[in-house]
Amino acid sequence: MLYLANDDPELAKLVINEESRLETTLNLIAAENHSPQSILEIMGSVFNTKTIEGYPGKRFHSGCIHVDKVENLAITRGKSLFGAEYINVQPHSGTSANLAVYFSVLKTGDRVLSMSLPHGGHLSHGHKASITSKCFDFSHYKVNSETEMIDYDRVREMALSVKPRMIVAGASSYPRLIDYEKMSQIAGEVSAFLLADMAHLAGLVAAKVIPSPVPHCDFVTFTCYKTMMGGRGGVILCKETFGKKIDKAVFPGCQGTSAVNLIAAKALIFKLAREEKFVSIQKKTIQNARIMAEALMEKDYHIISGGTDNHQVLIDLTSRSISGKSAEDCLESAGIILNRNVVPKDETTLGKVSGIRLGSGAVSARGMGEPQIRKIVELMDMAMMNPAKKAVVKEVRNRVLKLCREFPVNRFAEA
């Protein structure tokens, strides 16, 4: 911070303020986590300055002797960690990784079957607001209205009817495991490629606390900053036979130069993911999510699907007459950070957001366990049930601060 403070004191202050915010709030955003300090160091390293196009040994710029080694390290470690035949570590994001997969084997206008956004899917899975819907013809499967889980018989029926060229198995707000073997069988029946988007689940898969999609899928994409606890950027795993097509789809197909500092961060987190500390955090992440869901159900909150098998807990607040936005704002004022989220019932009303999505990753990284998770649920309930009572919200905020001091982020980051 010495040079930044000298060059731009205003910006330096914002960095300090953000560090303070992270230390004094509880992060329940499922798409965020706390990274080790070494990850931040490598992302801020001299590797920021190198421009690369192409792949190791076949670059369009000179001076790549060291960055080639960095990328090869990420490739070797990533393939080994996930048991993949092939890997591309250059995508800028999860969405760009998905785009590259689509364009590697599909033609514009080809049919794709994926999960509906209000039912748990992702924008890059063909939502009308995404460029993906303008390039390919998406149909969307939904969760069962009673179980709020994927109905694989219905997915099969849709696949036989639509005859997609690709099926996407993956979600951004689905708290249950996906049966990749079943999805593979369905894809096989209609001769479709199978893509698993495990952006949210990569850390859990790396630690082997949930099943891996890799053995069952043609392609697997993920990001490195959610449960994976690393830096920004996406990754593509695939079968060897698709390797060259994926590489061409990433560069020069979907993007130009790649961020070497982020590739280095990927190499680093692939190494750290083999260590006991990482595995322990992922186990705790699963346990804490289940405890969170149980504690919320004990207070009669409607938990989508009736529980969780991963790091996410999705709450439908309809019965509490609270909107997702109101809950998000109220909880942020109390120091609990999460995001509003659509739920299956919202699909019939444009702009309606009736839920909130919780993630257990960041609080697990801070070392919190069952006693703290139950306290957090208690504090959430206090704030959401009394949003207009300033004294109650203030009390919740004070108790949140106490909890944060007991489990600081910096203790984890420096360890």
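Visitor: I'm looking at strand β12, residues 312–316. How many of its five residues are buried?

Guide: Five of the five, so to speak: β12 is mostly covered. Keep in mind that this is a predicted model.

Visitor: Which way do the residues of β12 point?

Guide: Here's the general idea: in a regular strand, side chains alternate between the two faces of the sheet. In this case, Gln312, Leu314 and Asp316 point one way from β12, while Val313 and Ile315 point the other way, and all are buried.

Visitor: What does β12 pair with, and in which sense?

Guide: Strand β11, residues 302–303, pairs with β12 in the antiparallel sense over two bridges. There, Ile303 has Ile315 as its bridge partner. Strand β15, residues 355–359, also runs antiparallel to β12, and five bridges join them. Look for Leu358 in β15, standing opposite Val313.

Visitor: Now helices. Which residues of α8 are buried?

Guide: The general idea first: an α-helix has 3.6 residues a turn, so residues three or four places apart point the same way. In α8, residues 180–189, the buried ones are Tyr180, Met183, Ile186 and Ala187. They cover an arc of only 120 degrees around the axis, which puts them on the same side of α8.

Visitor: And what do those buried residues pack against?

Guide: They pack against β6, α7 (152–162), β7 and β8 (193–197).

Visitor: Some of those are strands. In what order do the strands of the open sheet come?

Guide: Seven strands form it, in the order β4-β10-β9-β8-β7-β5-β6, with mixed pairing. The edge strands are β4 (86–88) and β6 (137–141), each pairing on one side only. On average, neighbouring strands here are turned by 20 degrees against each other, ignoring direction.

Visitor: Which strands does helix α4 lie across?

Guide: Helix α4, residues 65–82, lies across β4, β9 (219–223) and β10 (234–238), and runs at about 130 degrees to β4.

Visitor: Let's zoom out. How many helices and strands does the protein chain have?

Guide: The chain comes to 17 helices and 15 strands. Its radius of gyration is 22 Å, close to the 22 Å that the globule rule gives for 415 residues, so the chain is as compact as a globular protein of that length. Of those 415 residues, 56% count as buried.

How values were computed. Residues numbered from 1 in each chain as written. Predicted model: local features only at pLDDT ≥ 70, side-chain atom pairs only at ≥ 80, totals over all residues. Heavy atoms only, no water. Pairing = 2+ DSSP bridges. Helix = DSSP H or I, 4+ residues; strand = E, 2+ residues; numbered from the N terminus. Axes fitted to C-alpha atoms, helices over the stretch in contact; angles between N-to-C directions. Contact = heavy atoms within 4.5 Å. Rg over C-alpha atoms; globule rule 2.2 N^0.38 Å. Buried < 20%, exposed > 50% of the residue type's maximum accessible area, 1.4 Å probe, protein only. Arc of directions from axis to C-beta.
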